Amino acid sequence: MTHSIKYWLSEHPTIVNFRWSTTQSWGSTWSFLFTAIPAYIAVATTLHLILTVFRRRRPVPLGIIPAVHSLGMALISAVIFAGILVSASAEIRDTRWLWRRTKTTPFQWFLCFPLGTRPSGRVFFWSYVFYLSRFLHLFRTFFTVLGRRRLTFFHLFNQSILIFMSFLWLEFSQSFQVLAILSTTLLYSVVYGYRFWIAIGLPGACFPFVVNCQVVLLGCNLVCHVGVLSLHILKGGCNGMGAWVCNSVLNGAILLLFLKFYVKMYLTNSNVAKVESLGTHLGSGSESNPKHEREVVIVKEKRS
């Protein structure tokens with residue numbers, strides 16, 4: 001059983017022989033990227049304007065679709081987490097002999113790819129799957145619009161940037177992406193599992209669970225980015241540092257925005273609903289659920 005799982009997660013020929021290229025990988029061209037993102041923004045904005053023009057105040061009934069989507073994303077994220085973890089272990093096993101020459105440890109490899117690393121093999125296969133899964137996350141935007149919740153520029157910007165960064169990871173073989181995918185997919189497994197939990201009517205947490213998870217993730221990413229920079233300076237260079245700089249700036253901006261709302265919630269007794277709304281805008285909000293809404297009110301009263 002264990003051997004079979006390892007085979008399908010890291011030893012299958014499709015995984016081992018994967019190569020990121022414009023001829024072999026769907027969605028791997030710059031033209032596709034700069035067509036897909038504006039198309040997503042245009043469709044979401046148009047749908048929002050149509051509902052606004054017709055003054056539809058009630059949410060469009062979606063039935064079990066959001067719950068099914070949450071369950072599916074939780075399972076997909078768990079598979080990607082397991083796949084890249086097993087594949088990273090296999091890569092370490094197969095290339096350990098080469099690292100002895102450069103005195104590279106597995107921990108250093110997780111943070112800093114050697115110069116000249118190409119986007120091929122097991123790890124980059126799962127990075128590609130993660131990139132494709134970002135498009136499935138976009139359905140959350142349309143659930144938000146149809147649910148008549150506020151659609152903000154930041155929500156569209158954030159979702160677009162996450163796709164853009166995932167593309168850069170593959171295009172430039174960016175360092176740190178293995179740890180980033182591991183932490184992100186672990187978070188998504190928990191968050192989407194929680195969404196499914198409350199979507200089927202089970203009780204939610206009495207605190208902003210999703211936002212707290214996101215803050216922890218961004219904080220861990222910040223620490224790891226410091227580690228990447230340190231290794232880049234000490235070891236003479238890491239691969240894909242141009243993409244890493246872009247990634248760092250965008251992650252830093254998102255972290256600062258989260259901290260701004262986080263401090264408001266806990267220090268100035270601001271509305272918890274604003275924080276939950278922020279989590280929704282970042283693709284990490286909880287489902288619209290009457291039980292959850294009552295719990296948010298309870299938390300607000302406790303803070304007052």
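Leu146 is buried, at a relative accessible area of 19%; buried means under 20%, exposed over 50% and partly exposed in between, with a 1.4 Å probe and protein chains only. This is a predicted model, in which local features need pLDDT of at least 70, side-chain atom pairs count only at pLDDT 80 or more, and totals for chains, interfaces and linings use all residues. Residues are numbered from 1 along each chain as its sequence is written, and side-chain values use heavy atoms, leaving out hydrogens and water.

Leu146 sits in helix H7, residues 139–146. Helices (H or I, at least four residues) are DSSP runs, numbered from the N terminus. Six of the eight residues of H7 are buried, so the helix is largely enclosed by the rest of the structure. Those buried residues are Arg140, Thr141, Phe143, Thr144, Val145 and Leu146. Just after H7, Arg148 has a positive phi of about 60°.

What does Leu146 touch, leaving aside its neighbours within four places in sequence? Its contacts (heavy atoms within 4.5 Å) are Leu47, Leu51, Pro59, Val60 and Leu62. His48 lies 98 residues from Leu146 in sequence, but the C-alpha atoms are 7.9 Å apart in space.

Now turn to a helix pair. Two packed helices are described by the angle between their axes and the distance between the axes. For H6 (residues 122–137) and H9 (residues 177–199), the axes come within 11 Å and cross at roughly 40°. Axes are lines fitted to C-alpha atoms over the stretch in contact, with angles from 0 to 180 degrees between N-to-C directions. H6 and H9 are therefore oblique to each other; angles under 35 degrees count as roughly parallel, over 145 as roughly antiparallel, 65 to 115 as roughly perpendicular and the rest as oblique.

On the H6 side, Val123, Phe124, Ser127, Phe130, Arg134 and His137 make the contact. They meet Gln177, Val178, Ile181, Thr184, Thr185, Tyr188 and Tyr192 of H9.

The whole structure holds 23 aromatic pairs. Rings of Phe, Tyr and Trp (its six-membered ring) pair if their centres lie within 6.5 Å; planes under 30 degrees apart count as stacked, over 60 as edge-to-face and the rest as tilted. Trp26 and Phe32 pair edge-to-face, 4.7 Å centre to centre with 65° between the planes. Trp26 is exposed at 54% relative accessible area, and Phe32 is partly exposed at 22%. Phe125 and Trp126 also pair edge-to-face, at 5.1 Å and 85°. Both Phe125 and Trp126 are buried.

Notes. Helix = DSSP H or I, 4+ residues; strand = E, 2+ residues; numbered from the N terminus.
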